[in-house]
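Here's a quick tour for anyone new to reading protein structures. Have a look at the picture first, then work through the notes below.

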Amino acid sequence: MDRSAGKRAGVCVVAVAVVAGVAGCQAGDGGTKDGAAESKVLSRGEAAEVLQAAFRKTAEAKSAKVRMTMSMPAGMQGMGDMVGAAGDGTLEMTGVQGWDPGVMDMTIKGFGLGADDPDVPSEARLIMVDDVMYADTGAGQAAGTDGKRWMKLDFRAMAEEVGSKELQKALTGSLENMNQDPAQQLALLLESPHLKHVGPQKVDGVRAQHYKGTLTFEEVLKGNKSLDFLSEEEREEFVANAEASGLRGYDTEVWVNEDDYPVKMVLGVKSDEGTADITTHYSDYGARAEVEAPPAEDTADLFEMLRDLGEGLSGIGADAGADV
C-alpha cells in the first residue's frame with residue numbers, strides 16, 4: 001500500500017464518519033394536515049405525558065429503519081468543504097439503526113461525495129457495530145489498500161492513543177452522537193420550556209400528533225449526554241465559541257403515531273447564516289437490526305495502516321484540519 005493512497009483513504013473515511021456523527025445529533029415532507037382527524041390541543045403537561053410514553057416505548061423498541069435528510073444554507077457548508085464537496089449542501093442517509101447496543105447500517109450520499117476525486121464513491125455505506133465504524137471506500141480506493149475496500153475506524157482505540165486532546169474529544173463525541181437514538185431526542189425535546197402540541201397531521205400516510213419546542217444551545221448541551229466528557233470550563237468555552245460563531249438555537253419537532261412511536265423528527269439549527277434542517281423519518285420499530293461487520297479479509301484498519309506508515313493520526317489531522 002502506498003503512502004498517498006493511505007492518507008487519502010484516511011481523510012475520506014474520517015470525513016464520512018464525522019458527517020455521520022453530525023447527522024447523529026438529530027434533527028421529507030413537512031407533515032400533511034389531517035383535516036379528518038379531530039383532536040383537542042393538549043396542554044404542555046399533557047403533551048409531556050404523551051412524549052414520556054413515546055420515550056419509554058421507543059427506548060424499549062431498540063431499533064428502527066431510518067431515512068434522514070440534512071440540508072444547510074451556503075454559509076454553513078463547511079462540512080461539505082471538508083470532504084472536498086462541490087455539492088448543494090444536502091446529505092441523505094438511509095438504513096437501519098439499533099440502540100442498546102448501538103449499531104447502524106446506512107448508505108450516505110450528498111455533500112458532493114466523489115465530486116472532486118473519481119476514486120471516491122458518490123455514496124458510501126457505513127456500518128457501526130461494537131463501537132467500531134466501517135466505511136466502504138469503493139473499488140478505486142481499494143486499489144491502494146491491497147484490494148480491501150472496507151476501512152475500519154475504531155474511535156475509542158484511536159482516542160486512547162491520539163496526542164491531541166481536541167481531536168480525541170472530537171472522535172469520542174462523534175461516536176457518542178452516532179449512538180444517539182430517537183428516545184434520546186424525545187428526552188431532549190422534553191427539556192424545552194416552550195414545548196407545545198400543534199395538532200394532528202399525517203406523515204408518510206399514517207396519522208400522527210405533531211409536537212414542537214425551541215431550545216437554546218445551553219439547553220441542548222444540558223440534555224446531550226454525549227458531551228458529558230467536557231469539563232465545566234470546557235463546556236462554557238464550547239458555548240461561548242458556538243455563540244460567537246453565530247449559533248442561535250434549535251427548533252425541534254416530532255410526530256408521534258397512534259402506537260406512541262415517533263415517525264418523524266425535525267431539528268432546525270439556527271445561526272447567523274440561516275437554518276440547517278435535519279429531518280429523520282422512522283419506521284419498523286422493533287424489527288431486529290441485523291448488523292454485521294464486513295469480512296476481516298476485506299477490511300483495512302485505518303489506525304494500523306497509518307501507524308505502519310509512521311504517521312499515526314497526524315497523517316489525518318494535518319490534511320483534514322487544513323480543509324476545515
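**Tyrosines, a core and a histidine**

Tyr285 counts as buried, because its relative accessibility is 16%, and the cut-off for buried is under 20%. Keep in mind that this is a predicted model.

**Aromatic rings**
- Tyr282 and Tyr285 make a tilted aromatic pair, with 6.2 Å from centre to centre and 35° between the planes.
- Both of these residues, Tyr282 and Tyr285, are buried.
- You'll find two aromatic pairs in the structure.
- Tyr261 and Tyr285 count as stacked, because their ring centres are 4.6 Å apart and their planes sit at 10°.
- Tyr261 is in the loop between β10 and β11, and Tyr285 is in the loop between β12 and β13, so this pair ties together parts 24 residues apart in sequence.
- Put together, Tyr261, Tyr282 and Tyr285 form one aromatic cluster.

**Nonpolar cores**
- The largest nonpolar core has 53 residues, and Leu51, Leu195, Tyr211, Tyr250 and Val254 touch the most other members.
- Helix α2 (residues 44-61) gives the most to this core: five residues.
- Another core lies apart from it, with nine residues, including Val103 and Ile127.

- His210 belongs to strand β9 (residues 206-215) and counts as buried because its relative accessibility is 5%.
- The side chains of His210 and Glu253 are joined by a polar contact of 2.6 Å.
- His210 also touches Trp255, and the charged end of Lys264 sits over the ring of Trp255, 4.3 Å from its centre.

Note on methods
Residues numbered from 1 in each chain as written. Predicted model: local features only at pLDDT ≥ 70, side-chain atom pairs only at ≥ 80, totals over all residues. Heavy atoms only, no water. Helix = DSSP H or I, 4+ residues; strand = E, 2+ residues; numbered from the N terminus. Buried < 20%, exposed > 50% of the residue type's maximum accessible area, 1.4 Å probe, protein only. Polar contact = N/O pair within 3.5 Å; in protein donor to acceptor, adjacent residues only side chain to side chain. Contact = heavy atoms within 4.5 Å. Core = buried A, V, L, I, M, F, W, Y, C linked by side-chain atoms within 4.5 Å. Phe/Tyr/Trp six-rings, centres within 6.5 Å; stacked < 30°, edge-to-face > 60°. Lys NZ or Arg CZ within 6 Å of the ring centre and 35° of its normal. Lists of a residue's contacts leave out its neighbours within four places in sequence.
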